Every structure is written in structure tokens, then in C-alpha cells.
Amino acid sequence: MTGNLRIDLDRLIGRLERLAEIGAIEGGGVCRLALTDEDKAGRDLVVGWMRALGLTVTIDAIGNVIATRAGREGGPPVMTGSHIDTVRTGGRYDGNLGVLAGLEVVECLNDAGIETRRPIAVAFFTNEEGARFTPDMMGSLAYVGGLSLDEALSAVGIDGATVGDSLGRIGYAGTTPVGRPDVHAFVELHIEQGPVLDLEGITIGAVDSVQGISWTEYTISGVSNHAGTTPMRLRHDAGYVAGAIARFVRELALDMGGNQVATVGSIKLKPDLIHVVPNRAIVTVDLRNTDEALLQQAERRMASFVSATARAEGTDVASRTLARFEPVVFDAAMVDRVERIARGLGLSVRRMTSGAGHDAQMIQRVAPSAMIFVPSVAGISHNVREHTERADLGAGANVLLQTMLELAG
Ligand code: HGY
Ligand code: MN
Ligand code: MN
């Protein structure tokens, strides 16, 4: 009987559209940076929906929200969820789809009067994006005990605020301790954010792994000077070193080939004036690879290039690791389950790795986890043009529904 249960796609899309109104930006995207007023408004809306669905809502000390539906038996819940914080130029599906599809699963079970054996939980984790505060996946990392509460609360954002102050300011500093995960199994529905499924015309990704992530911030200190009067040989130009780093990461990724990717996403120059040689540059580098040894090789080559270039320019450099996660492999039986259920629903499916980081990679540390991907049109994400077709949203949510039903018994 439950095998024929299907989600209500209009209801799911209605919630996605309603949530996307919060922090809406030009072009149909969303900006809800973690722990801002927009994030609070999004949290309040989703918590309201959780309570209206009869879920018991707990908020932990880092602001993770976990809403639980009782089962016939107690014990750890079958959990789904993701995040509702976004990057500054976010789309409406990244993270939000996983949380709202979880609520749709609950509403389906409520409508059908189904009581599962195990409890079911729907979660959203604090600061998955890492756009304002680093590291990314901060909330789920703290949830599984991979980051102490103190470390998380003391993280300083790109705007100078701390996580602790911001969490208190928006009223989401909960009482439930972090580091005591309570999960039977975890499944996260998420858009692929890359081009693979869309290019291959495949509806479902059964995600078996997540690539490694390395985020580094370099602070280069030189000498500010007059752009017109200073001979080139006397310059100590932090801006030049920053530009050299941006070029090097592209050359490094192309030279390494394979799955290596490298990005300079932010360069801040001081004093940031047309006619002053910059004396300060803050540069971020995002390196990723599916292979840990190759990722370490990329890090070593990056570090030696930066120190040699800074030295040659007579500048100083300091580096800070903002995030560092090794590649993660999801539980094989869970991945099999996602693949089997997708096929059982008559959907095309393929196994694949995730290029982006996700909360599921943290929960895999404590419970068997897996992810369900749906296509991103043209592979666009972290961009207001992020889009997933209606039928694919429904397909992913139905795979989630059936996977949760099977796990919850
Ligand atoms: O960085 C990531 O992959 C994710 O969007 N936080
Ligand atoms: Mn995401
Ligand atoms: Mn993202």
C-alpha cells in the first residue's frame, strides 16, 4: 500500500516558492546568509510549518533544528534534511529542497494516517554554506561532534560578527547540547548543482561519495605606495601577488587534470584605490578533489607557489585554513537502496560523486547516510538562475518518500 504513496508536488512547490520569497533577490534567487535576519525569517517560517505538521521541534546550541514525528517504537529516528541558509547569490533549491521535501514526506504520512515503526525526523542544519562563517557544514559538523560548540560559537564572519552573537541575536541559540547525534539513518535530497544528470538526461543521482574540500585564506602584506612615482623594481605589491595566485590556481587545476578543481572566489585589496599600490591582499582558495592524496598534492603545490611568489615580491604572507574535509564515501547499502527505489519508480538513475559539500557527509560519520540528486538545468548553481524542472523535483521527493518509508518500517 505504501509503495503507491506519492508526494503532492503542488504542495511542495508551493512551500519552495513561499520560502523563496524570504531574502528574494533580483532574478528569482535568494540571499539568506547564515544567522542574518533573512535566515531568521526563513527559520521561523519552516519551524512554523514543522509545528503545524505536529512535529516536535528541538533547537540545539548551534541552532540546528530537528523536528521529529513519533513512531510506534522509540529509538533513533530515520532522519532527512539539509539547510536553508544560502550563498549571497543563491538559488531557491540548494538546501531548501531537501528540507521542504522532508516536510512533504511527513505531510504525506499524516494524510495517509501512516504510523511508521521508527520515528522520522526532518532537520535543517546551521550554516551549511560557510559563506559568512567558516567552515561550511558547520552545524552538522558540530551535531556529530566534529567541531566543539565553543569553536563554532567563536567563529568570526566576513562581516566581523561571531556565530555566538548572531545566533543569540536571531533567537536560535537552543538548549539541546551538540555532539550527541541521535540518528538511525540519514537521507538527503539535494540538487546536483553540476551538469552531469542534465547532460546525460538522467533523473536521479544515487550519490555514493563527496569529494574532499580545502579552503585556505592567504593574507599578503606589502608596502602601499604611489602608483605613479614608484619604480617597478621598488614595489612590494600585495595586489600583484593576489593576481598571481588567481592565475596559478587555474594552471594548477589544468596541470593536475582529473577531478581537480580550484577557485579564487574572493580577493580583497587595501586600500583598494586606483592610484595606490596595495599593501594588503586577502585571497581565498578553494581546492577540491575526489582523491585525498591528490588534494594534498594540490595543497602543497599551492603553498609553495604562494610563499615563493610572496618572497620574490618582498611581501609577507600568512595563511589560515578555513575548512578541510577529506572525501567521504556513503554507506553502500544505503546507496543501493536509493538506486533500487529509483529504478522501482521507473526513474533513470546513475551513481555519482558530489562535487559540492553537504550535511550528509557529516552525518555519515555517525549513521549510514546517502544522498538523492536531481538535475540542475545546465549545471548552474550558487547563481540566481539555478533551476530544477518540476517533474524532477517530484521524482526526487518520491524517491525520498519511499526511501524513508522503507527505512522507518
Ligand atoms: O561548499 C560547498 O560545496 C557547499 O555549497 N557548502
Ligand atoms: Mn547545499
Ligand atoms: Mn550551496
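Trainee: Which residue follows α2, and is its phi positive or negative?
Mentor: Gly-54 follows α2, and its phi is positive, near 80°. Helices here are DSSP runs of H or I, at least four residues long, and strands are E runs of at least two, numbered from the N terminus. Keep in mind that this is a predicted model, where local features need pLDDT of at least 70, side-chain atom pairs count only at pLDDT 80 or more, and totals for chains, interfaces and linings use all residues. Residues count from 1 along each chain as its sequence is written, chains are lettered from A and ligands numbered from 1 in the order written, and side-chain values use heavy atoms, with hydrogens and water left out.

Trainee: What span should α2 have?
Mentor: 22 Å, because α2 has 16 residues (37-52) at 1.5 Å a residue, and the expected span takes 1.5 Å times one less than the number of residues. The end C-alpha atoms are 22 Å apart, which agrees.

Trainee: OK, and which residues of α2 are buried?
Mentor: Asp-39, Gly-42, Arg-43, Leu-45, Val-46, Val-47, Trp-49 and Met-50. Buried means under 20% relative accessible area with a 1.4 Å probe, protein chains only; exposed is over 50%, and partly exposed is in between.

Trainee: Switching to the metals: which protein donors hold the manganese ion (ligand 2)?
Mentor: His-83 and His-190, each through NE2, and Asp-94 through OD, at 2.1 to 2.3 Å. Donors are N, O and S atoms within 2.8 Å of the metal (3.2 Å for Na, K and Ca), and since water is not among the atoms, sites may look incomplete.

Trainee: How are they spaced along the chain?
Mentor: As H-x10-D-x95-H. Asp-94 sits in the loop between β5 (78-82) and α3, while His-190 is in β7 (residues 185-191), 96 residues apart, and the pair links distant parts of the chain.

Trainee: Are Asp-94 and His-190 buried or exposed?
Mentor: Asp-94 is buried, with a relative accessible area of 5%. His-190 is buried too, at 1%.

Trainee: Which residue bridges the two manganese ions, and how far apart are they?
Mentor: Asp-94 is the bridge, and the ions, ligand 3 and ligand 2, lie 3.5 Å apart.
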